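Student: I have to go through this structure for class. Please walk me through it, one piece at a time.

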Amino acid sequence: MGKYVYDAFISYSHKDLEWGRRLQRELEGYRLPRELRREKNGNVRLKIFRDQTDLAGAELKESLTRELERSRFLIVICSPASAASRWVDDEIRTFCAMGRANRVIPFIIDGEPMSDRPELECFPPALREMEDVEPLGVNIQEIGKHKAMLKAASVLLDVRFDRLVNREKQRRRKTILTIASGALAVAAVVGGLLIKNAEISRKNKEMSFDVYGAAILNLLQKDTLEPEEFAFILTSAEGENPDAINFLAFCYRYGKGTEANPEAAFAWYQRLADMGDPRGMVALCQCYMNGIGTAVNPKMVFHWSIKAAETGNADAMVNLGFCYQTGYGTEENQELAFQWYKRAADKKDEQGILRLGTCYLLGTGTEENPVLAFDCMRQLAEMGNTDGMYNLGLLYNFGIGTEENPEQAYYWYRKAAEAGDANGMRMLAWCIENKYGTGDLALEWYRRAAEKGNEEAKADVERLTGGGENPQAPESQTDNADVRQAPESQTDSADARQTPESPAGSGKAR
């Protein structure tokens with residue numbers, strides 16, 4: 001690597017934090033195929049720098065400039081959020097000023113480069129202004145997530161992209177269903193993917209998780225499924241493998257590898273729930289609440305919420321608390337609602353902590369306790385939850401559960417705003433307008449909140465652009481009940497915890 005410590009520095013907007021984490025993890029975990037490692041004289045592993053501090057909270061730091069100097073390439077995660085981030089733009093300009101403009105890699109995850117529509121533009125100004133250099137490009141919308149990662153790796157490793165893709169295909173065919181010898185051995189069909197149906201039906205119950213689960217996980221990571229891959233999942237589900245059943249239900253629900261079929265998805269979730277798997281139970285709650293493959297049935301939502309909650313599933317605990325709080329499918333019982341929210345919160349579940357804090361604040365099922373409400377919101381905010389950030393700002397703003405602290409209120413409003421929260425943006429603008437910061441930034445944040453659909457912020461924009469008196473603190477923000485709560489409408493699908501986007505996951509819906 002020579003004078004460089006890192007192969008690449010990843011620049012991103014905090015709205016794209018998960019993509020920053022994912023790209024760093026996948027690049028650092030990628031291993032070249034054996035024959036290519038020999039060409040490179042060893043086991044080449046990439047080293048990536050991703051800043052984990054509050055990039056958007058201060059000017060580009062000297063320490064970050066130093067890390068840019070120590071990085072061979074700059075990967076810019078491009079999206080409309082990063083296009084609007086002056087922090088990302090500063091990093092690009094700093095890197096280019098070092099004479100390395102030809103080593104900038106735009107990694108496009110959303111939007112369009114050089115777009116005529118500002119809301120779709122994904123290139124920060126520094127990229128749009130490049131005239132003499134054509135930046136290396138990676139676009140997940142064109143080649144998919146996995147190939148986009150391979151393309152970035154090919155640039156960093158100085159290996160032709162097509163060689164990595166071809167070797168990856170060969171490696172997948174060899175490893176996806178490598179089965180242990182002995183009693184667990186299963187014959188593979190051409191392509192190394194579809195195991196003989198009869199063998200699966202007879203033996204997949206006995207397969208170890210390390211062997212069988214790895215095959216399912218590999219398929220989960222693919223954007224699309226080939227017919228023989230879907231056939232493998234179907235046959236495995238028919239052999240009563242719970243991971244395969246969960247994945248199959250997901251495929252039918254969202255049309256992955258097959259036509260979307262809500263009724264079939266419901267039937268397979270039912271089968272998984274009947275096996276005692278909480279993933280199936282939580283999924284049935286959502287189906288019964290939103291009429292997915294079956295009729296809406298509040299009593300069945302309550303029934304499966306209890307069963308799943310008793311297994312220790314935090315999602316189900318929150319659902320059950322919601323049922324008791326609102327009388328959905330059962331008699332209203334605020335005390336039991338509080339108890340189930342607390343059990344979910346004890347598991348560090350974000351929705352559980354949010355609802356528990358609201359119970360303490362409003363006295364729902366327990367005595368009002370602003371101090372404990374404050375503790376809940378602080379814990380939630382420190383976990384990176386935008387509702388917690390916004391609510392903590394309110395509590396500091398109005399001295400609820402703590403002493404009034406304008407600086408801390410401003411800090412947490414800003415954290416929420418920079419994470420994309422419209423209410424946080426509006427309150428940040430109010431703080432700035434009222435001399436918590438630079439006054440000329442107030443209109444910008446009011447406008448950003450208005451663009452997110454905040455009606456009060458729209459009125460603030462009209463007031464400032466059309467003249468008027470200095471604003472008072474927004475009245476709706478001074479009411480304790482305005483602290484962010486979970487949705488109250490049972491018709492909204494967000495009221496029931498969603499089944500996981502990745503069916504082999506933990507059952508979280510984030």
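Tutor: One term to start with: contact means heavy atoms within 4.5 Å. This is a predicted model, in which local features need pLDDT of at least 70 and side-chain atom pairs count only at pLDDT 80 or more, while totals for chains, interfaces and linings use all residues. Residues are numbered from 1 along each chain as its sequence is written, and side-chain values use heavy atoms, with hydrogens and water left out.

Student: OK, what does Ile10 touch?

Tutor: Not counting residues up to four places away in sequence, Ile10 touches Gly20, Leu23, Gln24, Ile48, Phe49, Arg50, Ile75 and Ile77.

Student: Which strand is Ile10 in?

Tutor: Ile10 belongs to strand E1, residues 6-11. Helices (H or I, at least four residues) and strands (E, at least two) are DSSP runs, numbered from the N terminus.

Student: Buried or exposed, Ile10?

Tutor: Ile10 has a relative accessible area of 0%, so it is buried. Buried means under 20% relative accessible area, exposed means over 50%, and partly exposed is in between, with a 1.4 Å probe and protein chains only.

Student: And Ser71, where is that?

Tutor: Ser71 sits in strand E3, residues 71-78. Ser71 counts as buried because its relative accessibility is 0%. Leaving aside neighbours within four places in sequence, the contacts of Ser71 are Tyr4, Tyr6, Ala8, Phe9, Phe95 and Arg100.

Student: Zooming out, how many helices and strands does the protein have?

Tutor: The protein has 25 helices and 5 strands. Of its 510 residues, 49% are buried. Taking contacts between residues at least 6 apart in sequence, 60% join residues at least 24 apart.

Student: Pick a helix, say H18. Which of its residues are buried?

Tutor: In H18 they are Ala337, Phe338, Trp340, Tyr341, Ala344 and Ala345. An α-helix has 3.6 residues a turn, so residues three or four places apart point the same way.

Student: What covers the buried residues of H18?

Tutor: The cover includes helix H16 (298-309), helix H17 (314-326) and helix H19 (350-362).

Student: How far apart are the end C-alpha atoms of H18?

Tutor: They are 18 Å apart, and this agrees with the 18 Å that its 13 residues (334-346) should span at 1.5 Å a residue. The expected span is 1.5 Å times one less than the number of residues.

Student: What is at the two ends of H18?

Tutor: At the start, a side-chain oxygen of Asn333 comes to within 3.2 Å of the backbone nitrogen of Glu335. Lys348 has a positive phi of about 65° although it is not a glycine. With 55% relative accessibility, Lys348 counts as exposed.

Student: Which other residue has a positive phi without being glycine?

Tutor: Met114 is one of them, with phi near 55°. Met114 lies in the loop between strand E4 (104-108) and helix H6 (125-128).

Student: Back to H19. How many of its residues are buried?

Tutor: In H19, 10 of 13 residues are buried, so the helix is mostly covered. Those buried residues pack against H17, H18, helix H20 (370-382) and helix H21 (386-398). Asp349 caps the N-terminal end of H19, with a side-chain oxygen 3.2 Å from the backbone nitrogen of Gln351. Following H19 is Gly363, whose phi is positive, near 75°.

Student: New topic: where is Asn454?

Tutor: Asn454 is in the loop between helix H24 (442-451) and helix H25 (455-465). Asn454 counts as buried, at 9% relative accessibility. Not counting residues up to four places away in sequence, Asn454 touches Ala422, Asn423, Arg426 and Ala449. From C-alpha to C-alpha, Asn454 and Arg426 are 8.1 Å apart in space, and they are 28 residues apart in sequence.

Student: Which side chain does the side chain of Asn454 make a polar contact with?

Tutor: The partner is the side chain of Asn423, at 3.1 Å. A polar contact is a pair of N or O atoms within 3.5 Å; within protein, one must be able to donate a hydrogen and the other to accept it, and residues adjacent in sequence count only if both atoms are side-chain atoms.
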